[in-house]
Structure formats: structure tokens, C-alpha cells
Amino acid sequence: MIPTPEKRIADFENLGFGMFVHWGLYSQLGQGEWIFHHDPDHNMDEYKKLAETFTAEDFDADALVLTAKNAGCKYITLTTRHHEGFSLYDTKGLCDFDAPHSAAKRDLIKEFVDACNRHGIVPFFYHTTLDWYQKDFNEDFDSYLEYLRKSVEVLCTNYGKIGGLWFDGNWSKEDADWKEDALYATIRKHQPDAIIINNTGLVQRGEIGNPELDSVTFEQGRPTPMDREGMSKYVAAEMCYTLNDHWGIGENDFNYKSPCELIESLCACRRVGANLLLNIGPTAQGGVDPFQREIMRIMGKWMGLYGEAIYKGKPHPATCGNAKNFLLKGDGCLYVFVHDLGHGGSVHVAVNGECENDFVFRGVDEKIEKVYWMDNDEELNFENEDGNLSVYATNFPYGKSTCVRVAKAIIK
């Protein structure tokens, strides 16, 4: 038996598409978020001086949030503190290695949350559990964990309602007792509806940990279907993905993914019911890189055509001979996701039947009344007999190619 998702988890799944933001002192160096660790001469006394030049003069919270909103994202997960140990929020006396004590002299998380609330975006907080700045991380781990818990309590009590917390770093001490129960109890006390996520890293994608966790993670890899049969709790899934090879900005990282690859990744996530959390890395002082903004704008144009299917579609058990094509089930409809269409003519897409071009879906019991492309409302010819549905899918008209095209099939 598959458990029914709690409301907060169902709401999280319906968000569908979010924007990850990695920004910190490391952004001033323009070499990715792990540059301190990878520098053979790394020295924290020298590194922490970056706070003296961290002005955040280019950080416009509204512009950041609108980048996500214009992309079709429903939530943003921002790095409130990354592994370097520097906090973008006011730690309320826990530590002076934070934004109010830097050249910025501002609580940047407050600005972020206020902007999210203004524009109808759900704010999520990334927070490291690994800390290169705090000596207690290696010397007195229990004291460090109390510092971590109190830091999270500050986030839970000073910014109003938040969507959730996204932790990262437990993989750095796999055999340690991280006292997760105490940490998660603090969240539940102050933010009972918050989603709790703890990244399992590159090696253990999709693994389930503490029972308080609400979602598994798939870092830099396509999510696999969740087998929730017999689970004591329904757990969601989320894939986090970079635009190029780094999370924090890499000024000389030109290995950007194409919009088509990103669109296909978003569709692959929703096919199995997972969210996509797509990352950008702001510039040294917090501006949004123009190229990254443009990629997100293109994602938004695609979402403007087919976003309904992304937000409302749920996994459908049908299988297809062409493994890239799939169905999602919506409210009174099916969404038909078709890859690799050309221009001109038509393609015969068969549902629960056989056809010569191998666009075949099996395991569909719905009776269909009408099928049409979501991007232009063009009705498509179809046959619906003996449990089979064959759709004659017209190709893209000249001047259009959306990488993945989605049709809506209305159920009788």
C-alpha cells in the first residue's frame, strides 16, 4: 500500500520547478563554491578577509526572485550558509562571520524572503551542515552541532513562514552522530509545515534517511521512480542540477547545458513525479549573470506554453516503445509528452497499440474525447478503440521547435 502524502509534501510536489541559488564569499573569486577547499594553500584567516570586500552592492532581491518567476519557478532555495561557514543572515550573536558584519552590513536573507513574499514565490533555505570556518566541527563536534541547531532556529524564527530547509554536508562524516532528531525537532517546533531535505550527495542519490525527511535528492543525475509501496510515510523527490559544471559562479566555466537539455531534464523529473531545482550562481556582489538569466528566460517561454502539464501532471503507468515519450495524468486529462518531432508532415503516436515509428504507449485505460497541442490548440486526429489510443501528431510548424512538445488529451 502506498501512503497518502501529507499536505506539505503534496504541496511541495505541486511546485514542480524551483531555482537553486549558490552565492557567498566564494563568488568574489569566480572559481566555484569549493575554491577554498581546492586551493592547495587554503588558509581560513586569509579567506575570511573576503568578508571585508563583500558589499552585495549588486544584490537586488526583487530581480533575483523575478528571474525565477519569469522562468516558471514556484520556489527558490538560497544558500543561507555554505561550507565556507559565512552566513547571509544575521546570526543574532552566534557568530560574527555573517553578512551584517561584512562590508554589506545587511541581512540579505530578510531581503530575499521579503521579495519572495512580494512576488508569490516560496522561499526555501539551503544550510550547510559541513563547516570549514568553525573549529568545533573537527575539535568538539557536539558543541558544533548545538551551534548548527541554534543557527537553524534563527532561520526558523526570524523570517516568517518558509517553505523548507535544504541541508547539505552530512556525507562529510558518514559515521558521525549528527543528532538529526534534535535538529529536525527544532524545525517542526517553529515551522511545522516546512519541508525538510538533507542532500545525500553524488554517490547516494535517492536514498532515504531520517524519518522526518520529506524528500529524497538526486544531485546532478536524473531521478529514478520512487517505490513507495509499504513506506510508513510518503516521501517526495527532487533533482538539483547546475547550468554548467559549478554551483557557485565559475567565470571561466563555459560548459553550459543547452536550453533543450534543461527542458528535457525538467520533463524527465516530472515523468517520475520529482521536482527540478535548477541552479544559478550570482556574480561576486550578487547580480544575476546575464547569460544565466537568459537561459532561465528561455525556460520560462517553454513553461508559458506547457507549464500546466509540469505543475499539474502526475506519473502515469503507461510505457512507450520510444522510451523518451511519456504520459502524465492531470485533472480529467492526459498530457502527452513527445520528443524529437521534426518540421512539416505528421507523426503517428500510438497509445496502447503498435505503429511503425515505435511511438507506442501501453497500459492506458482512459477513454479520450479530444486531443490538441497545448501551444496552439490545434486539434489532432486520433483513434480510441479496444483500449488503444493512436494520436496523429503534427510536427512543428516552420519557425517553431520547443524540444519537447506537449498535447492535452481530454478524458470523457
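Contact here means heavy atoms within 4.5 Å. The structure is a predicted model, in which local features need pLDDT of at least 70 and side-chain atom pairs count only at pLDDT 80 or more, while totals for chains, interfaces and linings use all residues. Residues are numbered from 1 along each chain as its sequence is written, and side-chain values use heavy atoms, with hydrogens and water left out.

Arg270 is in contact with Glu13, Gly16, Asn275, Ile310, Tyr311, Gly313, Pro315 and Leu328, residues up to four places away in sequence not being counted. Arg270 belongs to helix H9 (residues 259–271). Helices (H or I, at least four residues) and strands (E, at least two) are DSSP runs, numbered from the N terminus. The relative accessible area of Arg270 is 1%, so this residue is buried. Buried means under 20% relative accessible area, exposed over 50%, and partly exposed in between (1.4 Å probe, protein chains only). The C-alpha atoms of Arg270 and Val113 are separated by 27 Å, and the two residues are 157 residues apart along the chain.

In soluble globular proteins, nonpolar side chains tend to be buried together. A nonpolar core is taken as a set of buried Ala, Val, Leu, Ile, Met, Phe, Trp, Tyr and Cys residues joined through side-chain atoms within 4.5 Å. The largest such core holds 98 residues. Trp302 and Phe337 have the most contacts inside it. Beyond its neighbours within four places in sequence, Phe337 touches Cys267, Trp302, Ala309, Ile310, Asn325, Phe326, Leu328, Val404, Arg405 and Val406. A second, separate core has 19 residues, among them Cys320, Val364, Ala407 and Ala409.

Cavities were identified on a 1 Å grid over the protein atoms alone, as sets of points where a 1.4 Å probe fits but cannot get out; lining residues have an atom within 4 Å of a point. Grid points are joined across faces, edges and corners, and a volume is the space filled by probe spheres set on the points. The count is 4 cavities of 30 Å³ or more.

Helix H8 (residues 180–190) has Leu183, Tyr184, Thr186, Ile187 and Arg188 as its buried residues. Their cover includes helix H1 (7–15), helix H7 (141–157), strand S4 (164–168) and strand S5 (195–199). Glu180 also lies in helix H8. Glu180 is partly exposed because its relative accessibility is 22%. Its side chain makes a polar contact of 2.5 Å with the side chain of Tyr184. A polar contact is a pair of N or O atoms within 3.5 Å; within protein, one must be able to donate a hydrogen and the other to accept it, and residues adjacent in sequence count only if both atoms are side-chain atoms.

Lys7, in helix H1, is exposed at 63% relative accessibility. The side chains of Lys7 and Asp11 form a polar contact of 2.6 Å. Glu219, in strand S6 (residues 215–219), is buried at 12% relative accessibility. A polar contact of 3.0 Å links the side chains of Glu219 and Asn199. His82 is placed in the loop between strand S2 (75–81) and helix H5 (108–119). His82 is buried at 3% relative accessibility. Its side chain makes a polar contact of 3.2 Å with the side chain of Tyr126.

Two residues stand out in backbone geometry. Most residues other than glycine have a negative phi. Ala56 has a positive phi, near 55 degrees. Ala56 sits in the loop between helix H3 (44–47) and helix H4 (61–70), and is buried at 0% relative accessibility. Asp377 likewise has a positive phi, of about 65 degrees. Asp377 lies in the loop between strand S15 (368–373) and strand S16 (382–385), and is exposed at 53% relative accessibility.

Note on methods
On a 1 Å grid over the protein atoms alone, a cavity is a set of points where a 1.4 Å probe fits but cannot get out, and a pocket is an open set with protein on both sides within 12 Å along at least five of seven lines; lining residues have an atom within 4 Å of a point.
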